[in-house]
Amino acid sequence: MKIITKLMFLLFITLTAFGLVIGTFLYISQNQQSIVAESNFKNKQLIVERIVKSKTERLEIIRNEYTAWDEMIDYCANPTAEFYENNFAPLNESYGTEFVIVYNKEKDHINSSFKNFTPFNGQNNGEAHIFPSYFNLEKQTIEKLFNNQAFCHFFCMNNGQLLEVIGANVVPSADLIKRETPAQGYVLLGKIWSDEYIKEISEAVGAELTISKNNTIEKATASKEFLTITSVLTDSLGENTAQLNFKFKDDSANELAALSQLSYGLILVAVLVIIFFLYMLRKIIGKPILQISETLNTSNDMALGNLSKSTDEFGKIAQMIHRFFNQQNVLEERNTLLKEQNIEIERQNRSIQSSINYAKRIQEAVLPDLSEVNKVLPMNFVFFKPRDIVSGDFYWSHIMPDRILIAAADCTGHGVPGAFMSILGITQLNDIVKEDPNIKPHEILNRLRVRLKSLLNQSSRESDRKEGLDISLCAIDIAHMKLEFSGAYNSMYLIRKNDTDPNQKYNIIEIKGDRMPVGAYPKEKESFTLNTFDLQKGDAVYLSSDGISDQFGGEKGRKFNWLQLKELLLDLQEEPFEIQINYIEKAYFKWKGENKQVDDILVVGFKIL
């Protein structure tokens, strides 16, 4: 189907649809009056509720300030004239209230402050003579007002004037919101709806406000010219006592009449505009669309003719098509080049990945054979989880005729740089113990530090060469039940059964390493410290890098930390030692959750049998 035929068909569909729209519009217009009237009534009713509520909130703010107040508690218990003069006497003048009445927690009257009222019987003694005769503020009334509730709010009519009363129990300032503590007193505030106050509300609402007594209460009404919104007020007994009448000028009828007259003219104009638009659409758009469509279908820009010389949007589109065909060959060449580059990048990535995997095999080859450790310490485990493919953490062991050396180390960095440092550290440790089989742990660390500084061209004074490692190193003499320990930053944890305290089955002893690394350090000591301990059967020893303690996780995204690790190790003592690694691994992954692993993980444990 040609585009011109489609446009003519579109005209027919448009006119048919527009006829349906006109019929629907006329139907809605006939029923719109009730819809507009109802919407107008709801909107004005919402305005009334919001304005009246905002006026009440001003009293509530004052009430909260004077009732959730620690000094008011003291006053209710021990009323003083000075406190009254400084706080209650000026209250009516400062905040526009008409009176304030205070009771203690036994609901006995303490004091009153009136502004413009003369009590009903001429006495200003705190009795509620300004209220109707059926209501008074004696002890029984206060008990009823505040029965199982912290606040009260009611209205009453007196001599033709509307009185609004709001009250609350007295509590500490910290209990301002919930008010769960027992009441230490009670405060009532009163506000007279004076002519000025009624005028203020009328102007805010935009309507004439009148107040009716309880025997003249009417429902909300609407006429052609006015719309009356009513709000019923209740007294302290919950009975209707007065009604607010807001009289709005209702101009919705005039708006509907004007809208109806205008709608018919708009419909006629719309029909003429659509007919003219479709005519121009055929003349101005039809031909250019045909030219562009033929060009795209044949991939030949000659079909555009002189259209590219036009200055309108279709001319710009034709120019873009010309440029497209001119640049198509260039884009194809670039796509070919990009494909070749992607292939080369993928090849390089595979080569790098293959190199890293090979580095992993090399690192695994230099790590000690744990089967040899099992011959000396049958109960042992190593929880080892590199962050990347290769690790900057490593474990190390060396078996001698009279003892076994075990270490857990954390090299500077992780990934490939850390792996280089770990291989360097393992090879140097092996060389050191081969040269001197009787060497002590602290001497091993001293010699390792000298070698690393020499190999890495480091000086203790340098601040930009921080390569090195943190390590915890043990020497265990099973025959004589002796343990020697030296550490660089990392600690050793020894857990021993406690036979003296039935409430604490196990004690954990933390032997901290020296506060310096194995490597260049400006404040390094001459030698690492040697710690010696007597072992007992059943002792459990644990060495760890900082990877597990620095892992972020948990509900609040915090670090696992050393304290939680020590608590975990204590909790595991009731479990068989050979499966403790499973609990440590499970605890780690539960804490980590969906978070990324931040460092290499290494925990080494063994038990003395």
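A: A cavity here is a set of grid points where a 1.4 Å probe fits but cannot get out, and a lining residue has an atom within 4 Å of such a point. The model is a predicted one. It holds one cavity of 30 Å³ or more. The space in this largest cavity comes to about 90 Å³.

The lining of the largest cavity is made up of 14 residues. Nearest the centre lie Leu 370, Val 373, Val 382, Ile 406 and Val 604. Five elements each give at least two residues to this lining: helix 9 (370-376), strand 10 (380-385), strand 11 (393-399), strand 12 (404-411) and strand 22 (601-607). By class, eleven of the lining residues are nonpolar and three are polar, while no charged residue takes part.

Two of these elements lead on to a loop. Strand 10 and strand 11 each supply at least two residues of the cavity lining, and Ser 391 is found in the loop between these strands. Ser 391 has a relative accessible area of 0%, so this residue is buried. From Ser 391 to Met 421 the C-alpha distance is 9.4 Å, although 30 residues separate them in sequence.

Charged side chains come next, beginning with a pair of sequence neighbours. Arg 387 and Asp 388 form a salt bridge in which the closest N and O atoms are 3.4 Å apart. Arg 387 counts as partly exposed because its relative accessibility is 33%. Asp 388 is partly exposed as well, at 33%. In total the structure holds 13 salt bridges. Side chains of opposite charge can pair when their charged atoms come close.

A further pair joins Arg 447 to Asp 436, with 3.5 Å from N to O.

Another salt bridge brings the side chains of Asp 539 and Arg 496 to 2.8 Å, N to O. Asp 539 belongs to the loop between strand 18 (531-534) and strand 19 (540-544), and Arg 496 to strand 15 (residues 492-497), so the bridge ties together parts that are 43 residues apart in sequence. The cut-off for a buried residue is a relative accessible area under 20%. Asp 539, at 1%, is therefore buried. Arg 496 counts as buried too, because its relative accessibility is 18%.

The largest pocket has a volume of about 220 Å³. Its lining consists of Asp 470, Tyr 489, Asn 490, Ser 491, Tyr 493, Glu 510, Lys 512, Gly 513, Arg 515, Asp 546 and Trp 562. By class, this pocket lining divides into three nonpolar, three polar and five charged residues. For the largest cavity, by contrast, the lining has eleven nonpolar, three polar and no charged residues.

Phi of Asn 457 is near 55°, a positive value in a residue other than glycine. Its relative accessible area is 58%, so Asn 457 is exposed. Asn 148 lies in the loop between helix 5 (139-145) and strand 3 (151-158). Its phi, again positive in a residue other than glycine, is near 60°. Asn 148 counts as exposed because its relative accessibility is 77%.

The last stop is on the surface. Phe 9, Phe 12 and Ile 13 form a nonpolar patch there, and together they have about 320 Å² of accessible area. Of these, Ile 13 is found in helix 1 (residues 3-67). Ile 13 has a relative accessible area of 38% and is therefore partly exposed.

Methods:
Residues numbered from 1 in each chain as written. Predicted model: local features only at pLDDT ≥ 70, side-chain atom pairs only at ≥ 80, totals over all residues. Heavy atoms only, no water. 1 Å grid on protein atoms, 1.4 Å probe; cavity = no way out; pocket = protein on both sides within 12 Å on 5 of 7 lines; lining within 4 Å. Points joined across faces, edges and corners; volume = space filled by probe spheres on them. Helix = DSSP H or I, 4+ residues; strand = E, 2+ residues; numbered from the N terminus. Nonpolar A, V, L, I, M, F, W, Y, C, P; charged D, E, K, R; others polar. Patch = residues over 30% accessible without salt bridge, like charges linked within 9 Å, V, L, I, M, F, W, Y side chains within 5 Å. Areas by Shrake-Rupley, 256 points an atom, 1.4 Å probe, with all protein chains shown as cover. Salt bridge = Lys/Arg side-chain N within 4 Å of Asp/Glu carboxyl O. Buried < 20%, exposed > 50% of the residue type's maximum accessible area, 1.4 Å probe, protein only.
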